[in-house]
Amino acid sequence: MRHSVFACAAFGLSMSFTAHSNPSVAVDIAPLHSLVSQVMEGVGEPDLLIPAEASPHEYTLRPSQASALANADVVFWIGEGLTPWLEKALDNVAGSAQKVEMLALEETHTHEYREGATFEAHSDHGDEHHDDEKHHDEHKDHDGHRDHDDHDAHKVEGGHHGHDHHGNDPHAWLDPENAKAWIAVIQEKLSAVDPDNASTYKNNAAEATASLNALIADTNAKVSKLGDVKFIVFHDAYQYFEQRFNVIATGAISLGDAEDPSPKRIKEIRETVQKLNVNCVFTEPQYNPGLVKNVFEGTSITTIGVMDPLGASIPEGSKHYQALIEAMVNSLSQCK
């Protein structure tokens, strides 16, 4: 009888531990995954859908990633502007999950796409280059892109989506003020689906916000010491960082969704590099640096560095976001 009592007690204790199941959470890109991880610290680990070394603009989910999406209670994603292919997958695979689109939040501060290849020359967002960039009627040469067939871990879907480059630039995570706003939303959404851990989410969110405040102050201090930095980026993905910390790129080789540049765009950016004596250009690990070298061969460019909006070389997890912003400042320091 005594053994039966102990057995019942043990069974009841076991039931009390298993009665509550922590939420399954999926996140599209590594920087947002990092913010969600910070809020979920001590509760669970969210699943990352798109590895940071892959382009989020075009991607095919691996079976394990599709499974994570199918089992998710909550999905945090940037939005259709960054991952146009993911919206259909969310409807078809994660139909019952709560979906939080960060770009659609009222709390998110957004910027419109910039027009033209050279931002300094066209800061008024004029229409001079609109037709050329909107329609992309030039022949595409994809040799500059990484051979994705040799990288199964981040195989992409073939072909571009023919975007109209109007509306909001989707790279909003590169403004840490947006990251702070998102932390609050992540806390709220997770607490709603998992009230048992609401106090943990609240405490984690407070710590994450304090960390981001310190990151913003530190980044402002470091950027202010750089002086007048003239640089070209691979694709127009950085204006949220640029505007927040007042360090504006001279131009971008490619558009905001990293499509191959038109001959007209290449000609314009080469002329600007020569005119302004720009000596620094950044490649991205998601794309072949050979394209950048070919574009600027014979110009004043002397420094070819790496600037990565996704943090391919940074371990995923809770520390990824802060390390990503720090890495961007370190990249800019190469231009001195």
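Predicted model: local features only at pLDDT ≥ 70, side-chain atom pairs only at ≥ 80, totals over all residues.
Trainee: How many bridges pair β1 with β2, and which residue is the bridge partner of V27?

Mentor: Strand β1, covering residues 25–27, pairs with β2 in the parallel sense over two bridges, and the bridge partner of V27 is L48 in β2.

Trainee: What should I expect of the side chains along such a strand?

Mentor: As a general rule, side chains in a regular strand alternate between the two faces of the sheet.

Trainee: Which other β-α-β units can I trace?

Mentor: One is made by β5, helix α8 (residues 239–245) and β6, and this unit is right-handed; its strands, β5 at residues 232–235 and β6 at residues 251–254, run parallel and are joined by three bridges, and H235 stands opposite S254 in β6. Another consists of β7, helix α10 (residues 289–295) and β8, also a right-handed unit, in which β7 (residues 280–283) and β8 (residues 303–306) pair in the parallel sense over four bridges, the partner of V281 being I304 in β8.

Trainee: Turning to the helices, at what angle do the axes of α3 and α4 cross?

Mentor: A helix pair is read from the distance between the axes, the angle, and then the residues that meet. The axes of α3 (residues 63–70) and α4 (residues 86–93) come within 9 Å and cross at roughly 60°, and the two helices are therefore oblique to each other, in a crossing that is right-handed. On the α3 side A66, L69 and A70 meet L86, A89, L90 and V93 of α4, and the residues of this contact divide into seven nonpolar, no polar and no charged.

Trainee: How does α11 pack against α2, and which residues make the contact?

Mentor: Helix α2 (residues 30–40) and helix α11 (residues 320–333) pack at about 135° with their axes 7 Å apart, which makes α2 oblique to α11. The contact is made by A30, P31, S34, L35 and Q38 of α2 together with H320, Y321, Q322 and L324 of α11, and its residues divide into five nonpolar, four polar and no charged.

Trainee: And is α7 roughly parallel or oblique to α11?

Mentor: Helix α7, residues 198–224, packs against α11 at an angle of about 5°, with the axes 10 Å apart; because angles under 35 degrees count as roughly parallel, that is the description of α7 relative to α11. From α7, the residues A208, S211, L212, L215, T219, K222 and V223 meet Y321, Q322, I325, E326 and V329 of α11, and this contact divides into seven nonpolar, three polar and two charged residues.

Notes
Residues numbered from 1 in each chain as written. Heavy atoms only, no water. Axes fitted to C-alpha atoms, helices over the stretch in contact; angles between N-to-C directions. Parallel < 35°, antiparallel > 145°, perpendicular 65-115°, else oblique. Left-handed = near helix turned anticlockwise from the far one by under 90°. Contact = heavy atoms within 4.5 Å. Nonpolar A, V, L, I, M, F, W, Y, C, P; charged D, E, K, R; others polar. Pairing = 2+ DSSP bridges. Right-handed = clockwise from strand over helix to strand, strands pointing away.
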